[in-house]
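User: I'd like to go through this model with you, one topic at a time. Could you keep the answers plain?

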Amino acid sequence: MSGRLSVLTVAGARSAWSGAVARWAASAVLPVEVVRCVSIGEVRARLATGRPWSALLADAALSGVDRDLVAAADVAGCPTILVDEDGGRDLQPLGAAAVLGAPFSRDELLGVLALHGRQLAPGRVAVVPDGPAPPAVPGTLLAVTGTGGSGTSTVAAALAQGLGNPRPGRRYAPVMPRRDVVLADLCRRADQAVLHDARVLVPGLREVVDAHRTSTPSAADLRAQTFALGDRGYHLLLGLRRPAHWATLPPRAVDALLDGLRTAFEVTVADVDPDLEGEAVSGSFDVEERHHLTRAALARADVTLVTGEPTTLGCAKLVRLVADVLAHEVEPHRLLLVLPRSPRSPRARAELVTALADLLRGAVGPAAERIASPLGLPERPVDEAVRDGAPLPASLPDKLATAVAALLGRVGTRASAVEAAPTPIRPGELGLATEDRPLPGPPADGWPA
């Protein structure tokens, strides 16, 4: 081994390996500079100084050793080596460079340091990949956000009901198939528990995110943390019990939860807040973490629904929110504007759509032409259904599900939109010219295959 190595270590008070590494370094048996940290906070502080470190040697049993710590070390250019004394946990989802079993010898430690965790080392060293591979066919993610008081949570519940429990033969959903749907309440001030008359609030978002900090629960385990609503045809993931609990949601664990939901369910409907400010705008990393639920959901959403009130002030608020959503790199053709309690008069609805289109052109420019026409939802006895704990009136779920399916049929999912690598074409292989080739039609059920 050549060069100078500086290693950060953090371990529990009774971990024997930490003291052994310090003694090896002090007696020059181990040609490594070892800096022992007493807490995870000290590790983060040292990583943030900008000083280069060769590796982070961390006790996998510590509660603060999770996806976010490994990601922070990666950002600082410091590979993480996890020391597993128990040997019974699957540490692969954390994304560490390597896992080292304890107790270990000096040679084993030197071997993994020399390899930087990239290859299999001798002894009890087990090299693991950077993280679990994403699912080959992830489910569809639909994000629902909107201005305050516009019925965003109700629209999210209606969409989940329309996809999970379609009514064949009805006016708005003649051929919609049943989908395996979960409605995830990702708002800081969660309302889905009230809308669904939930008598039990545990498990909820906080517990499920905590389960993703240091592992990746199976699809069956994740489904077991949701509540099945048989009369509505979907599962419900309850939200936070207190708005301040957002501080207990590490960003990488939230990302892992969203990926897990897309693996466990065919369709995920995320009810999210309209707050999108990040560090680049606010100058505060805490603000970005507080808004990470919304930012992460919109970054992954195949379609984003934005709700607004059909009033003068409601349209102004809706246009400002659409501008914020587009600034978050959401593609305009993946937006669907929803106007609950729209006027029944065709003339009034046409005037509303025209005024909204003019405001959008002035706020977002040419991107307004790529946004689908707003979807108006008529007034329905929603409050009565919520009071009685009954499913929402069928016309709302049916109309929402049909509109979303039609939009997805046109734009496809984000996974299908990823361009494949170029393939060489031999002369004569194309057959018909482009203008003579028939255009493919939409799927039979309006949903992308």
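User: Is Ser-15 buried or exposed?
Analyst: This is a predicted model, and in it Ser-15 counts as buried because its relative accessibility is 11%, which falls under the 20% cut-off.

User: And where is Ser-15 found, and what is it in contact with?
Analyst: Ser-15 is found in the loop between β1 (6–10) and α1 (16–26). Apart from its neighbours within four places in sequence, Ser-15 is in contact with Asp-59 and Glu-85, and with Glu-85 there is a polar contact from side chain to side chain at 3.4 Å.

User: Switching to the sheet of eight strands: what is the order?
Analyst: The sheet is open, with mixed pairing, and its strands follow the order β9-β10-β8-β11-β7-β12-β13-β14. Its edge strands, each pairing on one side only, are β9 (227–229) and β14 (375–377), and neighbouring strands are turned by 25° against each other on average, direction ignored.

User: How many bridges join β7 to β12?
Analyst: Five bridges join β7 (residues 140–146) to β12 (residues 303–307), and these two strands run parallel; Val-144, for example, has Leu-305 in β12 as its bridge partner.

User: Which helix lies across β7 and β12?
Analyst: That is α13 (residues 312–327), which lies across β7, β12 and β13 (335–340), and runs at about 160° to β13.

User: What about phi of Glu-329 and of Arg-341?
Analyst: Glu-329, in the loop between α13 and β13, has a positive phi near 65° without being a glycine. Arg-341, in the loop between β13 and α14, is not a glycine either and has a positive phi of about 60°.

User: Why does Glu-329 count as exposed, and why does Arg-341 count as partly exposed?
Analyst: Glu-329 counts as exposed because its relative accessibility is 70%, over the 50% cut-off, whereas Arg-341 counts as partly exposed because its value is 39%.

Technical notes:
Residues numbered from 1 in each chain as written. Predicted model: local features only at pLDDT ≥ 70, side-chain atom pairs only at ≥ 80, totals over all residues. Heavy atoms only, no water. Pairing = 2+ DSSP bridges. Helix = DSSP H or I, 4+ residues; strand = E, 2+ residues; numbered from the N terminus. Axes fitted to C-alpha atoms, helices over the stretch in contact; angles between N-to-C directions. Contact = heavy atoms within 4.5 Å. Buried < 20%, exposed > 50% of the residue type's maximum accessible area, 1.4 Å probe, protein only. Polar contact = N/O pair within 3.5 Å; in protein donor to acceptor, adjacent residues only side chain to side chain.
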